[in-house]
Amino acid sequence: MNVKCSLLALISFGLTAQARASADISQTNFSKRSAAICPGYTLHYKTDSDRGFSASLKLAGKPCNVFGNDIADLKLDVNVDTQDRLHVHIQDAAGKQFQIPYSVLPLDKGSKHFDKGKSGLKFNYFQDPKTGFGFKVQRGNDVIFDTTGHPLIFEDQYIEVTSNLPSNANIYGIGETPDWFRRNTTNTIKTLWARDAADPFQENVYGSHTIHMELRKGKFHGAYLHNSHGMDIALANSTIQYRVLGGTADFYFFGGPTALDVIDQYTELVGRPNRIPYWSLGFHNCRYGYKSVYEVNDVIANYSKANIPLEVAWTDIDYMDRTRDFTFDPVNFPLAEMEKQLKYLHAHNQKMVLMTDPAIQHNSTYGPYARGHALSTFVKNQDGSEFIGQVWPGYTVFPDWFAPSTDKWWSGELKRYFDQLPIDGMWIDMNEASSFCTGSCGTGKPENEVPPYPWTVNPPPVYRPLNTSNPLLVPPYAIHNPFVELSNKTIETTALHANGVADYHVHNIYGLMMSKATHNFLTGYRPNKRTFLLSRSTFAGSGSLVNHWTGDNSATFFDLHVSIASMLDFGIFGIPMVGADICGFNGDSNEELCARWIEAGAFYPFARDHNVIGAIPQELYRWPAVAEASRRALVCC
């Protein structure tokens, strides 16, 4: 299969598609309201440099304090990075606002000796008597970003930047969200807050990507906001409006002029896609709910009997001992039998991938926890105790990727694991990070207590009361995350990392940091082999480390349809090795749906059949029409 040609065909199809649904938007007139009460800024003390200039921005009037405290003194830096990339950074002069550390996401800094006069992008600023400082970014005679008529709002917990758009603009990107490829610019809010949610249409899910590109007058351009905070990106009233819960306004603009040019310019900045092993382009099979290694053995054999090429056999958390990382169920998935399975697969030129989660059971008799606790590698509560949530093995702690010892501890646990069973690739899941409860619900609980899953309890458990006066738990501006509390089903936003930063500021990069630590282990463990690493949560730059699947979709034709747009979204995000669960994850699939899905899914770069525990089996050999469609789609001429 010519994967490159297939992707180009999909992109060509997707760019001509029209939006078929829209999300309701609230506060669509917010930009008009804020313009009336916020004074904006004035520019002072401009200093030119070889690649641009720096200046001070001063609050132009009485603070409006719309959703926080206005910051009076800002710093503006404008730099031409390359011929097609312009960097515009507005930050607080005191440097107190959180910014993504370079060590977490090392952005390309451009050419030190680039002649700014040769840039294809131009920056022009102006002073409006009503709205204050504003700016335009031009490509030739075309203005591609224009804040005219909209004041800059820069507060400690709220930043707002608004740019004018043409009517019915052609916008692509911004996610992660299951949606049609072309974003509806009439009344849409895209929320960026990494969330464990089963692919609800047009809502925020597992990853956070601010990159978007726009097709205007036959040419593409793009913009990326480098910021890890939760945010809404609103498309309404012929504007794109960034409403961000903190940090700085750190923008990069890309000149295109083709769609692939914009993606190339973006990935030059955040990191090129990782080099995948050739075998990963084949067909993969998994399900949540295999009862034993022997059942998986039968699945592998049945694919062979049906003449359906199975490249990789996966097992979900079922293989673990009490769903604890780095362990093997001694009864149903004993290590000796797993070793035999791996040996069999390798003898038949096939591979094995298993799942690992970030959550570690809070139990001092469990080696990974005991060793991590001794090194202080876990996220803490405000009082210095360990934050204890709930995931599959019960009450759990979460690795703090900012702690100096965490990477060493994580690599050590993975080495012990791989030395037992040298699997071919890894699957990291639940890394938004996901927790089944709200708050540190395991604090004070006995180590040997394993609570029931909350969705099995009636009435559901009651957790700590919400402190609405704490702005880290309930910030003044409520992004359109479906839950009132940002901490729902994740690490508490007030929890602290080793660098003293609250999780509120770094929630969206948890998955990126886990990906980086895991990728570093894999490249060190097998220095002469390409790694395969699949991650559910992603951020800008994740594509240089991991690949992605679109999470817990459903067995419906609608989800099959939406999956095509999701593939294209992740091409823009710089993660081209992407796929959706073929035949659907949640619910029972059927012969017609599964046959149609494998006919499309064979052209996903990452093609895997996967479904949920309790659903009917849907391996591709289960139905005659699906088996025949699979052989035709997967076996190359």
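**Entry: disulfides.** I looked for cysteine pairs with sulfur atoms within 2.5 Å, the rule for a disulfide, and the count came to three. A disulfide is a covalent bond between the sulfur atoms of two cysteines. This is a predicted model, in which local features need pLDDT of at least 70, side-chain atom pairs count only at pLDDT 80 or more, and totals for chains, interfaces and linings use all residues. Residues are numbered from 1 along each chain as its sequence is written, and side-chain values use heavy atoms, with hydrogens and water left out.

**Entry: Cys-38 and Cys-64.** I found these two joined, S to S 2.2 Å. The torsion about their S-S bond is about 90°, so this disulfide is right-handed. Cys-38 sits in the loop between α2 (30-37) and β1 (41-48), and Cys-64 in the loop between β2 (52-59) and β3 (73-82), so the pair ties together parts that are 26 residues apart in sequence. My helices (H or I, at least four residues) and strands (E, at least two) are DSSP runs, numbered from the N terminus. Next I checked burial, where buried means under 20% relative accessible area, exposed over 50% and partly exposed in between (1.4 Å probe, protein chains only). Cys-38 is buried at 4%, and Cys-64 is buried at 16%.

**Entry: Cys-437 and Cys-441.** Here the sulfur atoms are 2.0 Å apart. The S-S torsion is -75°, and the link is left-handed. I noted both cysteines as buried.

**Entry: Cys-583 and Cys-594.** In this disulfide the sulfur atoms are 1.9 Å apart. The torsion is about 75°, so the disulfide is right-handed. Cys-583 belongs to the loop between β28 and α11 (591-601), while Cys-594 is in helix α11, so the pair ties together parts that are eleven residues apart in sequence. Cys-583 is buried at 0% relative accessibility, and Cys-594 is buried with a relative accessible area of 0%. With the bonded cysteines numbered in sequence order, I wrote the pairing down as 1-2, 3-4, 5-6. Cys-286 is in no disulfide, and the nearest cysteine sulfur, that of Cys-583, is 13 Å away. Cys-286 is buried, at 2%.

**Entry: helix α11.** Which residues of α11 are buried? I listed Leu-593, Cys-594, Ala-595, Trp-597, Ile-598 and Gly-601. Their cover includes β18, α10 (557-572), β28, β29 and α12 (624-634), where contact means heavy atoms within 4.5 Å.

**Entry: the sheet.** I traced nine strands in an open sheet with parallel pairing, in the order β27-β26-β25-β24-β20-β19-β18-β29-β28. Strands β27 (578-579) and β28 (581-582) are at the edges with a single partner strand each, so one side of each is left without a neighbour in the sheet. Two strands pair if DSSP finds at least two bridges between them. Strands β25 (residues 533-535) and β26 (residues 547-549) run parallel and are joined by two bridges. Ser-535 stands opposite His-548 in β26.

**Entry: helices on the sheet.** Helix α4 (residues 293-305) packs on the sheet and touches β18 (283-285), β19 (312-315) and β29 (607-609), its direction making about 150° with that of β18. For such angles, axes are lines fitted to C-alpha atoms, for helices over the stretch in contact, and the values run from 0 to 180 degrees between N-to-C directions. Helix α5 (residues 335-347) lies across β19 and β20 (351-356), at about 140° to β20.
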